[in-house]
Amino acid sequence: ATGDMLRAQVAKKTALGREAKKIMDQGGLVSDDIMVNMIKSELATNQECANGFILDGFPRTVTQAERLDQMLKEQQQPLKHAVELQIDDSLLVARVTGRLIHPASGRTYHKIFNPPKEHMKDDVTGEHLIQRTDDNAETLKKRLGTYHAQTAPVVSYYQKKGIWSGVDASQEPGAVWKSLLGVFGEEKPAHTGMGSSILS
């Protein structure tokens with residue numbers, strides 16, 4: 001996820017990370033240029049990106065999509081897929097508002113769909129689980145409004161480029177994964193890696 005990438009750069013105190021931290025400490029949003037340069041840096045230095053990569057949650061605006069495309073064109077690594085995980089807002093709200101997290105490990109549970117064996121306790125350590133403060137219906141509905149306003153044009157942008165695919169994310173996780181593999185499996189046989197994709 002690009003958020004994880006950003007936090008890693010801040011933790012490593014790279015030049016981009018220091019610049020991003022200064023903006024975040026002032027309550028600002030990290031610029032598109034910083035985000036695109038961070039992705040460029042990861043592609044150049046992260047061995048795990050050698051055979052392809054997936055960007056989760058980026059780009060969120062057409063401007064970001066254009067800047068990303070320009071950078072990838074310069075790197076001769078154009079995107080092969082743009083995947084939109086499609087789900088009804090009410091189901092998404094039900095899923096997210098029931099999410100429980102074990103902070104130390106990042107393990108996630110769900111009050112209804114994947115409850116812990118013991119109420120509010122991590123199955124492995126027995127430590128207390130938390131619910132993120134922004135995992136509430138009101139906050140999520142606001143975030144979804146912003147998401148739809150920004151993302152509809154991005155979907156249209158990638159549809160025009162002929163690389164967009166929609167995947168029904170209301171299915172159980174195994175079926176969603178199978179659908180994703182179906183999208184990525186449309187590569188030409190000569191292609192060895194997964195290619196470059198975004199997940200929205």
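**Ground rules.** I worked with a predicted model, where local features need pLDDT of at least 70, side-chain atom pairs count only at pLDDT 80 or more, and totals for chains, interfaces and linings use all residues. Residues are numbered from 1 along each chain as its sequence is written, and side-chain values use heavy atoms, with hydrogens and water left out.

**Interface.** I listed contacts (heavy atoms within 4.5 Å). Nine residues of domain 1 touch nine residues of domain 2. Next I looked up buried area (the accessible area, with a 1.4 Å probe, that two parts lose on being put together, summed over both). Between domain 1 and domain 2 the value is about 740 Å², and carbon and sulfur atoms give 60% of this. On the domain 1 side, Arg60, Val62 and Leu79 lose the most area to domain 2. Together these three account for 57% of what that side buries.

**Charges.** I searched for salt bridges (a side-chain nitrogen of Lys or Arg within 4 Å of a carboxyl oxygen of Asp or Glu). I found one between domain 1 and domain 2. Asp69 forms a salt bridge with Lys161, and their closest N and O atoms are 3.6 Å apart.

**Aromatics.** I checked ring pairs (Phe, Tyr and the six-membered ring of Trp, centres within 6.5 Å; planes under 30 degrees apart are stacked, over 60 edge-to-face, the rest tilted). The count is one aromatic pair. The ring centres of Tyr157 and Tyr158 are 4.9 Å apart with planes at 85°, so the pair is edge-to-face. I noted both Tyr157 and Tyr158 as buried (under 20% relative accessible area, 1.4 Å probe, protein chains only).

Key. Buried < 20%, exposed > 50% of the residue type's maximum accessible area, 1.4 Å probe, protein only.
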